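Me: I want to learn how to read an interface and its salt bridges. Please go step by step.

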Amino acid sequence: MKNSMDFNIKKLKEGSKDEFEKFYNCYVNRIYTIIYRVVYNEADAEDLTLEVMMKVYDKIRTFRGDAKLSSWVYRIAYNHGISFLRRNKRTVSLEVSDHSYEDKHIDYLEKKEVAYLVRSKLMELPEKYRVALTLFHFEDLTYKEIAYTMGIKMGTVKTYIHRGKEELKTLIGQLS
Amino acid sequence: MELDNILKSIAIEEASPDLVYRWKMNLMARKAARRKTSLWPYIAFPLLFSGVCYYIVAFKENILEYFMTDRFAWVMERISYSLSQFVDSGNFHTWSIVLSLTLAVISLIWYFATDLRRDSAPIRF
């Protein structure tokens with residue numbers, strides 16, 4: 001049984017250490033990203049990433065293969081992030097926002113600075129747009145998989161991505 | 001620069017490198033917590049207990065026949081007499097078996113109950 005990211009699910013279910021190390025190395029940044037885009041706090045995102053990894057390690061035996069392994073993992077990560085937010089009843093603070101960037105014309109900025117600007121503005125979007133846009137730009141995620149991950153309809157995903165981009169464009173000026 | 005390209009380039013954040021170390025430590029801790037205790041004492045001890053009960057019965061049956069020569073025999077007789085008083089009171093064979101089985105069942109329940117509790121234990125970081 002092979003997955004698109006070339007994992008042997010049978011070995012994962014048997015608790016193979018090597019396979020899990022491969023899995024960890026492949027997914028750690030993706031899981032971290034989803035959670036970070038939900039909770040917007042590096043320390044919390046790291047702790048939650050480890051919790052999700054543990055959850056996957058514990059629950060992999062229950063994975064039936066109805067969805068792709070990646071979608072299943074992203075869904076766990078997203079739900080874990082959301083329930084953390086609900087549990088802590090915390091609103092996302094916007095620490096990174098640096099308004100000095102807005103005054104400069106985007107063409108004069110280096111690539112890294114542009115990325116920094118977009119990243120900071122991305123975090124100002126509502127959580128659902130942030131996550132939808134993030135997932136959309138993961139290498140292998142379709143609308144259907146994003147819908148599965150976020151537990152919403154495919155049409156809603158398209159709306160979130162479209163509105164997210166529009167809001168992002170407004171936030172960063174005439175970037176495109 | 002196209003917004004989609006920028007978004008693609010920043011889609012995946014870099015987690016801190018020490019996450020790998022923390023993950024491995026957590027995994028080891030989880031494996032240690034899940035290590036099952038051995039099942040054999042839960043089976044062996046009740047059997048041993050029933051063996052001891054059987055030995056007491058055999059001892060009672062044979063001691064008077066073979067050791068009635070001196071003071072030692074008198075001590076042993078007293079001991080065996082006391083034992084026989086205990087052993088002959090009621091149906092000792094039946095009760096020893098019942099007690100052994102009860103102990104075995106309680107041991108197994110204890111074993112599997114603690115096993116379940118281990119599985120549902122919260123993850124500690």
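Reply: Start with exposure. Buried means under 20% relative accessible area, exposed means over 50%, and partly exposed lies in between (1.4 Å probe, protein chains only). Lys165(A) is buried, with a relative accessible area of 17%.

Me: What kind of model is this, and how are residues, chains and atoms handled?

Reply: This is a predicted model: local features need pLDDT of at least 70, side-chain atom pairs count only at pLDDT 80 or more, and totals for chains, interfaces and linings use all residues. Residues are numbered from 1 along each chain as its sequence is written, chains are lettered from A and ligands numbered from 1 in the order in which they are written, and side-chain values use heavy atoms, leaving out hydrogens and water.

Me: How many residues does each chain bring to the contact, and what area is buried?

Reply: Contact means heavy atoms within 4.5 Å. Chain A brings 36 residues and chain B brings 25 residues. Buried area is the accessible area (1.4 Å probe) that two parts lose on being put together, summed over both. Here it is about 3100 Å², with 67% from carbon and sulfur atoms. Leu50(A), Met54(A) and His137(A) supply 21% of the area that chain A buries against chain B, more than any other three residues.

Me: How many salt bridges cross the interface of chain A and chain B?

Reply: A salt bridge is a side-chain nitrogen of Lys or Arg within 4 Å of a carboxyl oxygen of Asp or Glu. The rule finds 5 across this interface. One joins Asp47(A) to Arg22(B) at 2.5 Å, N to O. Another pairs Asp4(B) with Lys165(A), with the closest N and O atoms 2.9 Å apart. That pair runs from helix 1 of chain B to helix 8 of chain A. Helices (H or I, at least four residues) are DSSP runs, numbered from the N terminus. Asp4(B) is partly exposed at 27% relative accessible area.

Me: Why does the pair Arg37(A) and Glu13(B) join two chains?

Reply: Look at where each residue sits. Arg37(A) lies in helix 2 of chain A and Glu13(B) in the loop between helix 1 (3-9) and helix 2 (18-34) of chain B, so the pair joins two chains. The closest N and O atoms are 2.4 Å apart. Both Arg37(A) and Glu13(B) are buried. Arg119(A) is linked with them in a network of salt bridges.

Me: Where is helix 2 of chain A kinked?

Reply: The bend at a residue is the angle between axes fitted to the seven residues ending there and the seven starting there. The kink is about 45 degrees, centred on Tyr27(A). Of the 23 residues in helix 2 of chain A, 17 are buried.
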